[in-house]
Amino acid sequence: MPPLSTSKQGVRQAAFRFRCIACGDLSDTASQDFRCAQCGDLLEITYPQWKDSSPDAAKLKSTWRNRRLSSDPVDLSGVWRFRELLPALESEAQVITLREGNTPLYELPQCARITGVPRLFAKHQGLNPTGSFKDAGMTVAATFARLAGFRWVACASTGNTSASMAAYAARGGLRSLVLVPEGKISWSKLSQALDYGAVTCQLRTDFDGCLRLLQELVLRAPVYQLNSINPFRLEGQKTLALELLGQLDWQPPDHIIVPGGNLGNSSAIGKALIEMRDLGLISRLPKLSVIQADGANALVRTLSEAGGKRLVSVQAETRATAIRIGNPASWKKAVHVLEATGGACEQVTEIEIAQAKAEIGAEGIGCEPASAVTLAGLKKLVKQGFVKPEESVVLVLTGSLLKDPDFTMEFHRGDLFKGAAGESASAALDPLRRPPIVLDATLDAVMRTLEQAGK
């Protein structure tokens with residue numbers, strides 16, 4: 001087992017082991033595909049010493065609060081600030097960081113009125129350095145890739161992972177290989193990977209095909225995989241929950257609602273919530289719910305058709321490209337989290353996603369389409385009575401508005417659903433559209449437009 005290390009404040013950091021999520025086998029090392037040597041299922045990171053000597057909750061909270069006043073690079077990271085609950089490093093100088101985390105928690109008063117839930121908040125992970133929640137996991141995974149001596153890192157991606165991995169690889173002096181599905185990725189996301197120096201391959205397949213090829217590659221080449229099946233990624237991403245609860249003064253909300261794609265993020269957040277409860281950092285678990293697009297609803301179908309016992313894959317299709325995944329790798333972890341927290345899993349239509357995205361935008365808080373499934377899903381959960389008006393809800397917004405500006409422009413110009421099955425129904429969204437207005441360059445023309453808009 002890796003040795004314990006001690007932070008500057010004297011709080012011991014966590015030694016860790018790899019544990020199979022299916023058979024429970026423990027190991028000090030992991031294979032390149034991060035699969036259990038005994039049964040072939042996914043691995044997670046566990047901290048055995050917590051059973052006998054768990055960290056002091058009050059001391060942890062004090063340590064993390066004090067670090068917010070520090071100018072040390074590792075303390076300026078909203079991920080590594082919580083390093084007592086992360087895999088231990090021999091030296092804090094080993095960290096690859098872009099000052100990730102530290103994302104705001106916003107109130108959503110207009111969306112609260114729409115949903116009938118007054119205490120509604122958004123944790124906006126789109127304000128990370130590369131514009132998505134992936135950075136919180138990538139800082140940890142890239143750090144351990146470099147510590148393991150790898151020169152190359154790689155990922156399959158629908159966009160956000162490739163942008164984040166390429167940035168952290170560049171920052172850490174590593175080379176990066178990106179596998180993306182041709183024609184099924186936002187150019188804004190792809191441009192990030194290119195600018196950060198990644199070797200970028202557009203494959204004639206979907207995301208699931210890219211991931212299958214990557215799994216074969218890492219077993220034959222000295223390349224370190226940085227997709228969310230890498231358990232170091234999920235350890236970094238779990239700090240979202242730690243930061244969120246700190247912002248709420250360690251008073252858990254009633255519900256946390258997350259978009260569902262490859263299901264690593266919901267798994268990571270759920271893992272953090274369970275660990276926080278077990279360590280005495282919080283007194284109860286929020287209900288963590290996962291929302292999917294109805295065209296990429298593998299988890300919804302896995303639960304409804306197979307009782308969560310086997311994965312029901314789908315041919316994914318949705319304009320919310322970040323969650324266009326039909327064969328989610330972390331489905332078993334997500335099922336466990338839903339069961340442990342009492343959360344729900346729901347699906348929403350393309351029109352419901354577009355409407356929710358515009359409503360969030362009207363708050364002055366932009367997000368990419370995949371993030372907006374959370375608000376669309378909340379509306380359904382309220383109608384079902386699963387979320388009650390007096391309860392508090394946090395929506396996790398996973399990506400920036402600028403990740404997919406084409407979606408936004410097509411929506412406001414009225415082109416988003418042209419020729420699609422939902423074209424006629426999309427007319428109900430007209431009051432939310434704000435298309436650009438082309439005018440003559442005269443004061444009178446602008447004045448008339450202003451007067452018309454004020455009516």
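Guide: Let us begin with burial: a residue is buried under 20% relative accessible area, exposed over 50%, and partly exposed in between, with a 1.4 Å probe and protein chains only. Helices (H or I, at least four residues) and strands (E, at least two) are DSSP runs, numbered from the N terminus. The model is predicted, so local features need pLDDT of at least 70 and side-chain atom pairs count only at pLDDT 80 or more, while totals for chains, interfaces and linings use all residues. Residues are numbered from 1 along each chain as its sequence is written, and side-chain values use heavy atoms, with hydrogens and water left out.

Visitor: How many residues of helix α9 are buried?

Guide: Seven of the nine residues of α9 (residues 239–247) are buried, and the helix is mostly covered. They are Thr239, Leu240, Ala241, Leu242, Glu243, Leu244 and Leu245. After α9 comes Asp249, with a positive phi near 55°.

Visitor: Which residues are buried in helix α15, and why do they lie on the same side of that helix?

Guide: In α15 (residues 405–413), the buried residues are Phe407, Thr408, Phe411 and His412. They share one side of α15 because they cover an arc of only 120° around the axis; the arc is that of the directions from the helix axis to the C-beta atoms. Contact means heavy atoms within 4.5 Å. The buried residues of α15 pack against α13 (350–361) and α14 (369–383). Just after α15, Gly414 has a positive phi of about 85°.

Visitor: Where are residues other than glycine with a positive phi to be found?

Guide: Phe34, with phi near 55°, is such a residue, and its place is the loop between β2 and β3. Phe34 counts as buried because its relative accessibility is 2%. Arg99 has a positive phi of about 60° and belongs to the loop between α2 (73–76) and β4 (105–107). Arg99 counts as exposed, since its relative accessibility is 56%.

Visitor: Which strands run parallel?

Guide: Strand β10 (residues 255–259) and β11 run parallel, joined by five bridges. Val258 stands opposite Val290 in β11. Strand β11 (residues 287–293) is mostly covered, with six of its seven residues buried.

Visitor: How many salt bridges does the structure hold?

Guide: Side chains of opposite charge can pair when their charged atoms come close. A salt bridge is a side-chain nitrogen of Lys or Arg within 4 Å of a carboxyl oxygen of Asp or Glu. The structure holds 25 salt bridges. In one of them, Lys332 pairs with Asp41, the closest N and O atoms being 2.4 Å apart. This pair links distant parts of the chain, 291 residues apart: Lys332 is in helix α12 (residues 331–341) and Asp41 in the loop between β2 and β3. Lys332 is partly exposed, with a relative accessible area of 36%, whereas Asp41 is buried at 11%.

Visitor: Are Lys238 and Glu235 buried or exposed?

Guide: Both Lys238 and Glu235 are buried, and their side chains meet in a salt bridge (2.7 Å, N to O). Arg324 forms a salt bridge with Glu317, the closest N and O atoms being 3.8 Å apart. Arg324 is buried, with a relative accessible area of 12%, and Glu317 is partly exposed at 48%. A network of salt bridges links Arg67, Asp75, Arg83, Glu84 and Glu92.

Visitor: With which residues is Thr321 in contact?

Guide: Leaving aside neighbours within four places in sequence, Thr321 is in contact with Thr158, Lys184, Lys189 and Asp404. Thr321 lies in the loop between α11 (298–306) and α12, and counts as buried because its relative accessibility is 8%.

Key
Two strands pair if DSSP finds at least two bridges between them.
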